Amino acid sequence: MHPAVPSLNPRRRTLLLGVLALSAATPTLAKKPQVVAVPIQVWKDPSCGCCKDWIAHLERNGFAATALDQGNSAARVRLGMPQKYGSCHTALVQGYVIEGHVPAADIQRLLKERPKALGLAVPSMPLGSPGMDGPVYGGRHHPYQVLLVQKDGSAQVFNSYS
């Protein structure tokens, strides 16, 4: 003899079947690993628009920037980046110095490869580099190189853009 099973009224049964069907049809939402933005400090002039645009480029590409609006000359000297590689902003990320309009992809490569070096530099402010590529520049683009700067001040080409 079977124990008495209470029967569901037709409305409850339809609702229960609908919920079960919906849950079976909905893909399981697997938790995606959270990507933690890489912190980077940026020394820049408070009124520099291209610096702000470069920071926005970094933030779109996995970095969490802290802007220090006090200029970058003293930071560049303190961090050991030679003046000959100078630009309008200087940054520090995981022990590496980043000078100028270095593309985020090159910084990510630097952090992945971890070479023994001071950091990366894009001397001057070449048109078409991140931060120097907005509508105000009219789509103009100059070839430039990203340099891997050694602690002794020497450098070699890390990447080229044309």
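**Helix α2**

I began with the buried residues of α2, and I list Cys 50, Cys 51, Trp 54, Ile 55, His 57 and Leu 58. They lie on the same side of α2, because the arc they cover around the axis is only 155 degrees. I set beside this the general point that an α-helix has 3.6 residues a turn, so residues three or four places apart point the same way. I note here that the model I am reading is a predicted one.

I then looked up what covers these buried residues, and the cover includes β1, β2, β3, β4 and α4. For the length of α2, I find 12 residues and 17 Å from the first C-alpha to the last, close to the 16 Å expected at 1.5 Å a residue. Just after α2, I see that Gly 62 has a positive phi of about 90 degrees.

**The sheet**

I looked up the strand order next. Seven strands make an open sheet, ordered β2-β1-β3-β4-β5-β6-β7, with mixed pairing. The edge strands are β2 (63-68) and β7 (155-161); each has a single partner strand, so one side of each has no neighbour in the sheet. I record an average twist of 20 degrees from one strand to the next.

I took one pair for a closer look. Strands β3 (residues 89-93) and β4 (residues 96-100) are antiparallel and pair over four bridges. In this pair, I find Ala 91 opposite Ile 98 of β4.

**Helices on the sheet**

I went back to α2 (residues 49-60), which packs on the sheet and touches β1 (38-44), β2, β3 and β4. The direction of α2 makes about 175 degrees with that of β1. Helix α4 (residues 104-113) also packs on the sheet, and I list its contacts as β1, β2, β3, β4, β5 (119-122), β6 (144-149) and β7. For the direction of α4, I note about 135 degrees with that of β7.

**His 89**

A polar atom of the His 89 side chain lies 2.9 Å from the backbone oxygen of Gly 100.

I also looked up the contacts of His 89, leaving aside neighbours within four places in sequence. I list Val 42, Trp 43, Lys 44, Cys 51, Trp 54, Asn 72, Ile 98, Glu 99, Gly 100 and His 101. Among the contacts of His 89 are Cys 51 and Trp 54, both of which I had already listed as buried residues of α2.

Conventions. Residues are numbered from 1 along each chain as its sequence is written. This is a predicted model: local features need pLDDT of at least 70, side-chain atom pairs count only at pLDDT 80 or more; totals for chains, interfaces and linings use all residues. Side-chain values use heavy atoms; hydrogens and water are left out. Two strands pair if DSSP finds at least two bridges between them. Helices (H or I, at least four residues) and strands (E, at least two) are DSSP runs, numbered from the N terminus. Axes are lines fitted to C-alpha atoms, for helices over the stretch in contact, and angles run from 0 to 180 degrees between N-to-C directions. Contact means heavy atoms within 4.5 Å. A polar contact is a pair of N or O atoms within 3.5 Å; within protein, one must be able to donate a hydrogen and the other to accept it, and residues adjacent in sequence count only if both atoms are side-chain atoms. The expected span of a helix is 1.5 Å times one less than its number of residues. Buried means under 20% relative accessible area, exposed over 50%, partly exposed in between (1.4 Å probe, protein chains only). The arc is that of the directions from the helix axis to the C-beta atoms.
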